[in-house]
Amino acid sequence: MIVHITMPQLGESVTEGILGRWLVKPGDQVNVYDPLCEVITDKVNAEVPSTVAGRVAELLASENEAVPVGKVICTIETEKNEEESASAEHKETFGEKEKADPGSGGTLFGKREAGQRLSPAVLKLAAEKKIPLEKIRGTGAGGRITRKDLLLYLEEREKTKANVLPDEVSKPPVRELNAAIGREEEMTKPSPLPVAALGDVEIDVTPVRRTIAERMVRSKHEAPHAWMMIEVDATNLVKLRNGLKEEFKRREGFNLTYLPFFIKAVVEALKEFPMLNAQWAKDRIIMKKEVNISIAVATDDALFVPVIKRADEKSVLGLARSIEELVRKTREGRLAPDDISGGTFTVNNTGSFGSVLSMPIINSPQAAILSIEAIVKRPVVIEGMIAVRDMVNLTLSLDHRILDGLICGRFMQRVKEKIEAIRPEMEIY
């Protein structure tokens, strides 16, 4: 009997995953829960386990290929003696069903063209980039064209354009053409890919890096970003934290940082201005009920954004414990899909690197992201006198489709008021 293994749902808003590496090959025997392959989304790596015991029959997705959730990635032949029914099912899945409904989502690869099986990702990319598929040599299973094949073709095409550019420039300009159209074409033309010179070091782009890049480009392309910054006097926060950190470390076993205090102020302000805890959905705006704070955690070669669920229900201690746990799991590579799903607003702590000003990219489809910069001592004027205070810049990137400066300014002002209102007697437990 042939059993289909599909791309699993690896997060609430995750619609596809990149198949990073196959851990099995056709003919391998597997047991239930044996890992079949590694899957990478924009924020987490995971292994897809086998749901049955049997022999791997066919791998239907290539490494580094983007595969939609629910699509079949491989088939496993179980040991049940149901050859006839298995044959019938296999035939229906790979042949007759596609003939009956060649464009339906029920087929494995969307549709056939010129005898080839093409994934939706390949068809979409080919249509967007106007790639003649008949010129592509597939390197996937059975000669199937993969997304990687198309990316290599695009890279070669761009190199060819770059190489002929000097000759084109030397030709007499044809200014008689419509200047407006020419400018538009120039703006939409992709930039030529850089070519490494002698001595340069070329590093292969990992699937995680590629996914992050695609997500960031998509966010900048889809969401019109606007920015604002507010300056906050964190002197009282610094005094409170410095007074508590030793005892906190002894009692709880981990360090008390400034981050949970800032997140506490942010989630309280989000409750007052829920429009910042919203998402853009084309013809409507979804204002989220839960306040789930995504936090940016960097490793040596990637950036992950785990989520503190129901952050508005936690004390400073609860937030600190959640942060410590998520950071530890991120750096140990133990994040689960649930750890990175469901975020409604992102808090970015660039100040931990000494940054004093940054403009973060929105974690789409969220409406905004707030960055906490470094706390630095600076002279400021208070009631006509100069004083040295612990100052911090808070910056906000906002999706201008959802938010305007007025509501964001009020939100930032409330965060500022809450931070500056911290007193030594503040309860953190």
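## A first look around this predicted model

Isoleucine 419 has its place in helix H9 (residues 405-420); helices here are DSSP runs of H or I with at least four residues, strands are runs of E with at least two, and both are numbered from the N terminus. This is a predicted model, where local features need pLDDT of at least 70, side-chain atom pairs count only at pLDDT 80 or more, and totals for chains, interfaces and linings use all residues. Residues are numbered from 1 along each chain as its sequence is written, and side-chain values use heavy atoms, with hydrogens and water left out.

Back to isoleucine 419: its relative accessible area is 0%, so it is buried. (Buried means under 20% relative accessible area, exposed over 50%, and partly exposed in between, with a 1.4 Å probe and protein chains only.) Leaving aside neighbours within four places in sequence, isoleucine 419 is in contact with Val232, Asp233, Ala234, Phe261, Phe262 and Ala265, contact being heavy atoms within 4.5 Å. Threonine 235 is 184 residues away from isoleucine 419 in sequence, yet their C-alphas are 9.2 Å apart in space.

Aspartate 390 sits in strand S21 (residues 385-399). Again setting aside neighbours within four places in sequence, aspartate 390 has contacts that include Val232, Asp233, Ala234 and Thr235.

| Residue | Relative accessible area | State |
|---|---|---|
| Cysteine 37 | 0% | buried |
| Cysteine 74 | 0% | buried |
| Aspartate 390 | 9% | buried |
| Leucine 357 | 56% | exposed |

Why don't cysteine 37 and cysteine 74 form a bond? The sulfur of cysteine 37 is 6.9 Å from the closest cysteine sulfur, in cysteine 74, and that's too far. A disulfide would take a pair of cysteine sulfur atoms within 2.5 Å, and the count by this rule is zero.

Now for leucine 357, which lies in the loop between strand S18 (345-348) and strand S19 (368-372). Together with Met229 and Val356, Leu357 makes a nonpolar surface patch of about 290 Å².

Finally, a sheet. Four strands make up an open sheet, in the order S1-S8-S6-S3, with antiparallel pairing. At its edges are strand S1 (2-6) and strand S3 (29-30), each pairing on one side only; two strands pair if DSSP finds at least two bridges between them. S3 is joined by two bridges to strand S6 (residues 54-59), and they run antiparallel. Glutamine 29 has arginine 55 in S6 as its bridge partner.

Key:
Patches are made of residues with over 30% relative accessible area and no salt bridge: like charges are joined within 9 Å, nonpolar side chains (Val, Leu, Ile, Met, Phe, Trp, Tyr) within 5 Å. Accessible areas come from the Shrake-Rupley method with a 1.4 Å probe; for residues, only the protein chains shown count as cover. A salt bridge is a side-chain nitrogen of Lys or Arg within 4 Å of a carboxyl oxygen of Asp or Glu.
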